[in-house]
Amino acid sequence: MILLDSNEISFPDPNLLESESGIMAIGGDLSPERLYFAYRLGLFPWYNPGEEILWWCPDPRFVLFPKHLKISKSMRKIMRDEVFTFTENKCFREVIEECKDMFRKDQDGTWLSEELVNSIVKLNEAGIAKSIEVWQNNKLVGGFYGIQIGKIFCGESMFAKVSNASKAGFIHFIQSQTENLELIDCQIHSEHLESLGATMISKKDYLNRLKNNNNHES
């Protein structure tokens, strides 16, 4: 684990570091520039507000390939019946604030600090971060946001106020992006995303895909 200099935007090469925990570096700051640089290297911040910033690159990595998306019979009916409607980047800050305030079982709080929220909003304004909003009866009932790096979408957090809202938004996003999406980086395991088809791949595999993606993006 490397201690970062807050005055210089740099990170260790995650290919060259082995860490059983997945933590690659500690410290630095949460500027939009550093965040974007981190995601392009395969790193993401995850920490408790008020404590040092931790930068992660877990091995294995939890991802979802669009062609492996699983849609249950009940979800197919929900999508077919147009129970929800969807928008993109209509209210990005509201989505991230809902994710920040969402109660999660077995968690004392949220890792989304105001500083991080403000930086990700700036990445949205720069066209790098995006949100998907899920609506029902003209009310925002779910959504998620993430960082778009070429054809790789780094999913960060989601929320739902009614059953199946976030699932529907996730399915809609993947189905609407078939030509522009190689994989979704889900980062760490969750049963919710596993039920939709997410799986583990090695850190090396993920970083190689990210490198090839970055080369095509440049």
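**Lysine 130 and beyond**

Biologist: In which strand is the place of lysine 130?

Modeller: This is a predicted model, where local features need pLDDT of at least 70, side-chain atom pairs count only at pLDDT 80 or more, and totals for chains, interfaces and linings use all residues. Residues are numbered from 1 along each chain as its sequence is written, and side-chain values use heavy atoms, leaving out hydrogens and water. Strands (E, at least two residues) and helices (H or I, at least four) are DSSP runs, numbered from the N terminus. Lysine 130 belongs to residues 129-136, and that's strand β7.

Biologist: Does lysine 130 count as buried or exposed?

Modeller: Buried means under 20% relative accessible area, exposed over 50%, partly exposed in between (1.4 Å probe, protein chains only). Lysine 130 sits at 12% relative accessibility, so it counts as buried.

Biologist: Within what arc do the buried residues of α1 fall?

Modeller: Helix α1 covers residues 32-41, and Pro32, Arg34, Leu35, Ala38 and Tyr39 are buried there. Look down the axis of α1 and these buried residues line one face of the helix, because their arc (from the directions from the axis to the C-beta atoms) stays within 160°.
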